Amino acid sequence: MALLELPSLSANQRRTYQALREFLLNADSQKLVLSYGYRPADLSIALDSADSPLTAANGVDPKQPQTTLQMPPAAVVEVVQNVWYYTKRLTNVFLVVDTSGSMRGEKLDAAKTALGAFLAQIKGSQERIGLVEFSGQVNNVIELEELGHARHP
């Protein structure tokens, strides 16, 4: 769990994150996590207690791993993300938009804003994007096209 530091992050969002973090890390929550077969973040909770589902019979050695890896620096994470981006398969996405009367005004404006934000988050220009507009029936279909062409007609 991580709090993303964004310029738009409000004090209320920070407090909410902190409250959720404290709830998830409290002793009762951590014991509940273990009861569902997950390793708790609290390392003081015994994984081999009588009521723990982490047993050899369930295919788990609670004493493992004995060596854990540290979180890599941000620069390493960024390189891994970029390598994934450059080696992944290209994506075909059809956006489906309701333009019926119930969407008039603010709802349709909000949908347009959301679609724009979604498209802006796509890094590459080779991803293919299409659009299906409907209002009780399909009114318009824009076939898949590379995003780079759509961004720079």
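Let me begin with the conventions. Because the model is predicted, local features are reported only where pLDDT is at least 70 and side-chain atom pairs only at pLDDT 80 or more, whereas totals for chains, interfaces and linings use all residues. Residues are numbered from 1 along each chain as its sequence is written, and side-chain values use heavy atoms, with hydrogens and water left out.

I will start with the strands. Helices and strands here are DSSP runs, numbered from the N terminus, a helix being H or I with at least four residues and a strand being E with at least two. Strand E1, residues 92-98, pairs with strand E2, residues 128-134, in the parallel sense over seven bridges, where pairing requires that DSSP finds at least two bridges between two strands. From E1 the chain passes through helix H4, residues 106-120, on its way to E2, and this β-α-β crossover is right-handed, in the sense that, with the strands pointing away from the viewer, the path from the first strand over the helix to the second runs clockwise. In that pairing, aspartate 98 stands opposite phenylalanine 134 of E2.

On to the next strand. E2 also pairs with strand E3, residues 138-146, this time in the antiparallel sense and over six bridges. Valine 132 has valine 141 of E3 as its bridge partner, and glutamate 133 stands opposite asparagine 140, again in E3. The hairpin of E2 and E3 has three residues between the strands, and there glycine 136 takes a positive phi near 90°. Glycine 136 is exposed, with a relative accessible area of 83%; exposed means over 50%, buried means under 20%, and partly exposed lies in between, all with a 1.4 Å probe and protein chains only.

What, then, makes up the largest nonpolar core? It consists of five residues, Val93, Leu95, Ile122, Ile129 and Leu147, a nonpolar core being a set of buried Ala, Val, Leu, Ile, Met, Phe, Trp, Tyr and Cys residues joined through side-chain atoms within 4.5 Å. Isoleucine 129, which is found in strand E2, is buried at a relative accessible area of 10%. Setting aside residues up to four places away in sequence, isoleucine 129 touches a list of residues that includes Val93, Leu95, Ile122 and Leu147, where contact means heavy atoms within 4.5 Å. Leucine 95, counted in the same way, touches Leu115, Phe118, Leu119, Ile129, Gly130, Leu131 and Val132.

Serine 100 lies in the loop between E1 and H4 and counts as buried at 18% relative accessibility. Its side chain makes a polar contact, at 2.7 Å, with the side chain of aspartate 98; a polar contact is a pair of N or O atoms within 3.5 Å, of which, within protein, one must be able to donate a hydrogen and the other to accept it, and residues adjacent in sequence count only if both atoms are side-chain atoms. Serine 29, in helix H2, is buried with a relative accessible area of 9%, and a polar atom of its side chain lies 2.7 Å from the backbone oxygen of phenylalanine 23.

Helix H3, residues 74-87, has 14 residues and reaches 20 Å from its first C-alpha to its last, close to the 20 Å expected at 1.5 Å a residue, the expected span being 1.5 Å times one less than the number of residues. How many of the 14 residues of H3 are buried? The count is one, and H3 is hardly covered. In the loop between helix H2, residues 27-35, and H3 lies proline 65, which is joined to glutamine 64 by a cis peptide bond with omega about -5°.
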